[in-house]
Amino acid sequence: MHDSNSPRGLYDPALERDACGVGFVCKIDGTPSHDIVRQGLKVLLDLDHRGACGCDEHTGDGAGILMQVPDAFLREQSAARGFRLPESGAYGVGLVFMPKDPKQQRTFKKFVKDIVKAEGQDLLGWRKVPTRGERIGTAARSIEPAIWQVFIGRSAGLPDQDAFERKLYVIRKVIQNTIQASDLPGKGACYIPSLSSRTLVYKGMLTPEQVPAYFPDLTDPSMESALAMVHSRFSTNTFPRWPLAQPFRFL
(Lines give C-alpha, C1' and ligand atoms only; values in the text may rest on other atoms or scores of the structure.)
Protein backbone atom coordinates (compact mmCIF):
# COMPACT_ATOMS: atom_id res chain seq x y z
CA MET A 1 0.00 0.00 0.00
CA HIS A 2 1.33 3.45 -0.92
CA ASP A 3 1.99 5.85 1.96
CA SER A 4 -0.22 8.89 1.31
CA ASN A 5 2.36 11.10 3.06
CA SER A 6 5.18 10.07 0.78
CA PRO A 7 6.23 12.02 -2.34
CA ARG A 8 4.80 10.61 -5.57
CA GLY A 9 4.71 12.01 -9.07
CA LEU A 10 4.47 15.78 -8.82
CA TYR A 11 3.15 15.56 -5.25
CA ASP A 12 5.42 16.40 -2.32
CA PRO A 13 3.84 16.61 1.17
CA ALA A 14 6.48 19.15 2.16
CA LEU A 15 4.77 21.62 -0.21
CA GLU A 16 1.31 21.29 1.32
CA ARG A 17 -0.24 24.54 2.52
CA ASP A 18 -3.50 25.37 4.30
CA ALA A 19 -5.12 28.72 3.51
CA CYS A 20 -8.48 29.92 4.79
CA GLY A 21 -8.57 33.65 4.14
CA VAL A 22 -8.06 34.63 7.78
CA GLY A 23 -4.97 36.33 9.20
CA PHE A 24 -3.91 37.55 12.63
CA VAL A 25 -1.13 39.88 13.75
CA CYS A 26 -0.44 40.94 17.34
CA LYS A 27 2.09 42.61 19.59
CA ILE A 28 2.88 40.15 22.39
CA ASP A 29 3.52 42.86 24.99
CA GLY A 30 0.16 44.49 24.23
CA THR A 31 1.57 47.84 23.09
CA PRO A 32 -0.70 49.39 20.45
CA SER A 33 0.87 50.79 17.30
CA HIS A 34 -0.14 51.79 13.79
CA ASP A 35 2.39 49.30 12.48
CA ILE A 36 0.19 46.40 13.64
CA VAL A 37 -2.75 47.85 11.69
CA ARG A 38 -0.50 48.32 8.66
CA GLN A 39 0.80 44.76 8.92
CA GLY A 40 -2.75 43.45 9.27
CA LEU A 41 -3.77 45.20 6.07
CA LYS A 42 -0.70 43.75 4.35
CA VAL A 43 -1.78 40.25 5.46
CA LEU A 44 -5.27 40.99 4.11
CA LEU A 45 -3.81 42.00 0.77
CA ASP A 46 -1.81 38.75 0.69
CA LEU A 47 -5.11 36.88 1.21
CA ASP A 48 -6.61 38.33 -1.95
CA HIS A 49 -6.50 34.93 -3.65
CA ARG A 50 -8.72 33.51 -0.89
CA GLY A 51 -11.56 35.96 -1.56
CA ALA A 52 -13.86 36.26 -4.53
CA CYS A 53 -15.41 38.73 -6.93
CA GLY A 54 -18.21 38.44 -9.45
CA CYS A 55 -18.64 39.57 -13.03
CA ASP A 56 -17.84 43.04 -11.71
CA GLU A 57 -14.22 42.41 -10.79
CA HIS A 58 -14.15 45.55 -8.64
CA THR A 59 -16.91 44.28 -6.35
CA GLY A 60 -15.58 41.91 -3.72
CA ASP A 61 -17.35 39.23 -1.73
CA GLY A 62 -16.42 41.05 1.47
CA ALA A 63 -13.30 41.89 3.45
CA GLY A 64 -12.38 43.70 6.64
CA ILE A 65 -10.28 44.11 9.74
CA LEU A 66 -10.96 43.78 13.48
CA MET A 67 -8.72 45.68 15.90
CA GLN A 68 -8.63 47.02 19.43
CA VAL A 69 -10.55 50.25 20.00
CA PRO A 70 -8.12 52.93 18.71
CA ASP A 71 -8.57 55.22 21.70
CA ALA A 72 -6.25 58.09 20.70
CA PHE A 73 -7.73 58.28 17.20
CA LEU A 74 -11.35 58.20 18.39
CA ARG A 75 -10.67 60.68 21.18
CA GLU A 76 -9.35 63.19 18.65
CA GLN A 77 -12.23 62.57 16.26
CA SER A 78 -14.92 62.94 18.93
CA ALA A 79 -13.40 66.16 20.28
CA ALA A 80 -13.52 67.61 16.77
CA ARG A 81 -17.26 66.85 16.72
CA GLY A 82 -18.02 68.50 20.05
CA PHE A 83 -18.23 65.61 22.50
CA ARG A 84 -15.72 64.13 24.91
CA LEU A 85 -15.05 60.48 25.57
CA PRO A 86 -14.57 59.09 29.09
CA GLU A 87 -11.53 56.99 29.94
CA SER A 88 -10.66 53.99 27.80
CA GLY A 89 -12.93 51.05 28.64
CA ALA A 90 -15.71 53.33 29.89
CA TYR A 91 -17.17 53.89 26.44
CA GLY A 92 -18.19 51.65 23.59
CA VAL A 93 -17.97 52.36 19.88
CA GLY A 94 -19.95 50.73 17.13
CA LEU A 95 -19.68 50.67 13.37
CA VAL A 96 -23.17 51.17 12.00
CA PHE A 97 -24.60 50.72 8.50
CA MET A 98 -27.57 53.00 7.74
CA PRO A 99 -29.74 54.01 4.78
CA LYS A 100 -28.35 56.89 2.73
CA ASP A 101 -31.55 58.90 3.00
CA PRO A 102 -30.95 61.67 5.62
CA LYS A 103 -34.53 61.49 6.95
CA GLN A 104 -34.28 57.73 7.45
CA GLN A 105 -30.91 58.22 9.16
CA ARG A 106 -32.45 60.67 11.65
CA THR A 107 -35.24 58.20 12.41
CA PHE A 108 -32.75 55.38 12.92
CA LYS A 109 -30.51 57.49 15.18
CA LYS A 110 -33.47 58.41 17.40
CA PHE A 111 -34.42 54.75 17.49
CA VAL A 112 -30.91 53.84 18.67
CA LYS A 113 -30.81 56.66 21.23
CA ASP A 114 -34.12 55.54 22.76
CA ILE A 115 -32.90 51.94 23.12
CA VAL A 116 -29.56 53.00 24.62
CA LYS A 117 -31.44 55.17 27.15
CA ALA A 118 -33.88 52.35 27.93
CA GLU A 119 -30.89 50.12 28.71
CA GLY A 120 -29.58 52.70 31.18
CA GLN A 121 -26.59 53.90 29.13
CA ASP A 122 -25.64 57.27 27.64
CA LEU A 123 -25.40 57.96 23.91
CA LEU A 124 -22.41 60.30 23.66
CA GLY A 125 -22.45 61.13 19.97
CA TRP A 126 -22.18 60.07 16.35
CA ARG A 127 -19.40 60.28 13.78
CA LYS A 128 -19.82 59.93 10.02
CA VAL A 129 -17.08 57.56 8.86
CA PRO A 130 -15.22 58.92 5.82
CA THR A 131 -15.49 56.54 2.86
CA ARG A 132 -14.40 56.62 -0.77
CA GLY A 133 -17.20 55.09 -2.77
CA GLU A 134 -15.43 55.82 -6.02
CA ARG A 135 -12.87 53.15 -5.11
CA ILE A 136 -15.35 50.27 -5.19
CA GLY A 137 -17.24 48.37 -7.87
CA THR A 138 -20.56 49.33 -9.42
CA ALA A 139 -22.46 46.45 -7.82
CA ALA A 140 -21.12 47.23 -4.34
CA ARG A 141 -21.79 50.95 -4.78
CA SER A 142 -25.40 50.35 -5.87
CA ILE A 143 -26.27 48.98 -2.41
CA GLU A 144 -23.63 50.87 -0.40
CA PRO A 145 -24.91 52.01 3.02
CA ALA A 146 -24.05 55.20 4.87
CA ILE A 147 -21.48 54.28 7.53
CA TRP A 148 -21.40 55.88 10.97
CA GLN A 149 -19.80 55.30 14.34
CA VAL A 150 -21.88 55.56 17.51
CA PHE A 151 -20.35 56.21 20.94
CA ILE A 152 -22.00 54.95 24.13
CA GLY A 153 -20.90 55.83 27.67
CA ARG A 154 -20.90 53.28 30.50
CA SER A 155 -23.29 54.01 33.35
CA ALA A 156 -22.19 54.16 36.98
CA GLY A 157 -24.47 51.22 37.69
CA LEU A 158 -22.27 48.77 35.80
CA PRO A 159 -19.50 47.39 38.03
CA ASP A 160 -16.81 46.72 35.42
CA GLN A 161 -15.91 46.55 31.74
CA ASP A 162 -17.10 42.95 31.42
CA ALA A 163 -20.58 44.00 32.54
CA PHE A 164 -20.43 46.88 30.07
CA GLU A 165 -19.52 44.49 27.24
CA ARG A 166 -22.53 42.36 28.08
CA LYS A 167 -24.75 45.43 28.09
CA LEU A 168 -23.42 46.54 24.70
CA TYR A 169 -24.20 43.08 23.36
CA VAL A 170 -27.77 43.40 24.61
CA ILE A 171 -28.11 46.88 23.11
CA ARG A 172 -26.93 45.68 19.71
CA LYS A 173 -29.25 42.68 19.71
CA VAL A 174 -32.27 44.72 20.83
CA ILE A 175 -31.60 47.33 18.13
CA GLN A 176 -31.12 44.75 15.40
CA ASN A 177 -34.08 42.54 16.33
CA THR A 178 -36.49 45.40 16.94
CA ILE A 179 -35.63 47.08 13.66
CA GLN A 180 -36.09 43.92 11.64
CA ALA A 181 -39.51 43.37 13.24
CA SER A 182 -40.56 46.96 12.52
CA ASP A 183 -41.86 48.78 9.45
CA LEU A 184 -39.02 51.34 9.68
CA PRO A 185 -38.25 52.73 6.18
CA GLY A 186 -34.85 51.60 4.96
CA LYS A 187 -34.53 48.95 7.66
CA GLY A 188 -32.81 46.58 5.20
CA ALA A 189 -29.76 48.86 5.21
CA CYS A 190 -29.57 49.00 9.02
CA TYR A 191 -26.87 46.76 10.47
CA ILE A 192 -24.29 46.96 13.27
CA PRO A 193 -21.04 45.16 12.37
CA SER A 194 -19.58 45.75 15.84
CA LEU A 195 -20.40 47.43 19.16
CA SER A 196 -17.82 47.04 21.90
CA SER A 197 -15.60 48.81 24.41
CA ARG A 198 -12.69 46.55 23.39
CA THR A 199 -12.76 46.01 19.64
CA LEU A 200 -13.80 47.78 16.45
CA VAL A 201 -14.51 46.35 13.01
CA TYR A 202 -14.11 48.02 9.63
CA LYS A 203 -15.61 45.91 6.87
CA GLY A 204 -17.66 46.05 3.71
CA MET A 205 -18.52 44.50 0.38
CA LEU A 206 -14.94 45.07 -0.68
CA THR A 207 -11.87 43.34 -2.04
CA PRO A 208 -8.84 43.18 0.29
CA GLU A 209 -7.09 45.90 -1.68
CA GLN A 210 -10.10 48.21 -1.35
CA VAL A 211 -10.34 48.07 2.46
CA PRO A 212 -7.70 50.76 3.25
CA ALA A 213 -8.62 52.68 0.09
CA TYR A 214 -12.29 52.80 1.03
CA PHE A 215 -11.69 53.57 4.73
CA PRO A 216 -9.06 56.37 4.99
CA ASP A 217 -9.29 56.03 8.80
CA LEU A 218 -7.15 52.90 8.51
CA THR A 219 -4.15 54.76 7.11
CA ASP A 220 -4.18 57.47 9.81
CA PRO A 221 -0.97 57.14 11.93
CA SER A 222 -3.00 57.55 15.15
CA MET A 223 -5.05 54.46 14.30
CA GLU A 224 -3.29 52.10 16.71
CA SER A 225 -3.91 48.58 17.97
CA ALA A 226 -1.94 45.72 19.50
CA LEU A 227 -3.84 43.20 17.38
CA ALA A 228 -5.36 42.95 13.92
CA MET A 229 -7.53 40.15 12.61
CA VAL A 230 -8.36 40.23 8.92
CA HIS A 231 -10.63 38.19 6.68
CA SER A 232 -11.20 37.92 2.94
CA ARG A 233 -14.55 36.26 2.24
CA PHE A 234 -15.28 33.63 -0.40
CA SER A 235 -18.93 32.59 -0.22
CA THR A 236 -20.07 29.35 -1.79
CA ASN A 237 -23.74 29.48 -0.78
CA THR A 238 -24.84 33.12 -0.33
CA PHE A 239 -24.81 36.22 -2.48
CA PRO A 240 -22.53 39.07 -1.40
CA ARG A 241 -24.08 41.74 0.85
CA TRP A 242 -22.55 44.46 3.00
CA PRO A 243 -23.62 42.88 6.32
CA LEU A 244 -22.22 39.48 5.33
CA ALA A 245 -18.66 40.76 4.98
CA GLN A 246 -16.27 39.47 7.63
CA PRO A 247 -14.42 39.39 10.08
CA PHE A 248 -16.83 38.37 12.80
CA ARG A 249 -17.21 40.50 15.93
CA PHE A 250 -15.73 37.88 18.21
CA LEU A 251 -13.39 34.90 17.83
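The secondary structure of the protein chain comes to 6 helices and 8 strands. Helices (H or I, at least four residues) and strands (E, at least two) are DSSP runs, numbered from the N terminus. In sequence order, the chain follows the pattern β-α-β-α-β-α-β-α-β-α-β-β-α-β. This is a predicted model, in which local features need pLDDT of at least 70 and side-chain atom pairs count only at pLDDT 80 or more, while totals for chains, interfaces and linings use all residues. Residues are numbered from 1 along each chain as its sequence is written, and side-chain values use heavy atoms, with hydrogens and water left out.

Of the 251 residues of the protein chain, 49% count as buried. Buried means under 20% relative accessible area, exposed means over 50%, and partly exposed lies in between (1.4 Å probe, protein chains only). A contact means heavy atoms within 4.5 Å. Among contacts with a separation of 6 or more, 79% are made by residues 24 or more positions apart.

Two strands pair if DSSP finds at least two bridges between them. S3 and S5 run antiparallel and are joined by 8 bridges; in one of them, Phe97 has Ile147 of S5 as its partner. Strand S4 (residues 122–128) also pairs with S5 in the antiparallel sense, over 6 bridges, and Asp122 is the bridge partner of Gly153 in S5. S5 is largely enclosed by the rest of the structure, because 8 of its 8 residues are buried. Ala146, Trp148, Val150 and Ile152 lie on one side, and Ile147, Gln149, Phe151 and Gly153 on the other. S6 is mostly covered, as 6 of its 6 residues are buried.

**Helix H5**

H5 has 20 residues and reaches 29 Å from its first C-alpha to its last. The expected span is 28 Å at 1.5 Å a residue, taken as 1.5 Å times one less than the number of residues. Its buried residues include Phe164, Leu168, Ile171 and Arg172. What covers the buried residues of H5 includes strand S3 (91–98), helix H3 (102–118), strand S5 (146–153) and strand S6 (191–196).

Arg172 lies in this helix (residues 161–180). Arg172 is buried yet has no salt bridge, and the nearest side chain of opposite charge, Glu165, is 8.9 Å away. Lys and Arg count as positive and Asp and Glu as negative; His and the chain ends are not counted. Leaving aside residues up to four places away in sequence, Arg172 touches Ile192, Leu195 and Arg249.

**Salt bridges**

Side chains of opposite charge can pair when their charged atoms come close. A salt bridge is a side-chain nitrogen of Lys or Arg within 4 Å of a carboxyl oxygen of Asp or Glu. By this rule the count comes to 8 salt bridges, including those in the table.

| Residues | N to O distance |
|---|---|
| Lys42 and Asp46 | 2.9 Å |
| Lys110 and Asp114 | 2.9 Å |
| Arg127 and Asp217 | 2.8 Å |

The side chains of Arg127 and Asp217 meet in a salt bridge. Arg127 lies in strand S4 and Asp217 in the loop between helix H6 (210–214) and S8, so the pair ties together parts that are 90 residues apart in sequence. Arg127 is buried at 2% relative accessibility, and Asp217 is buried at 3%. Lys110 and Asp114 both lie in helix H3, 4 residues apart, about one turn of the helix. Lys110 is exposed, with a relative accessible area of 53%, whereas Asp114 is partly exposed at 40%.
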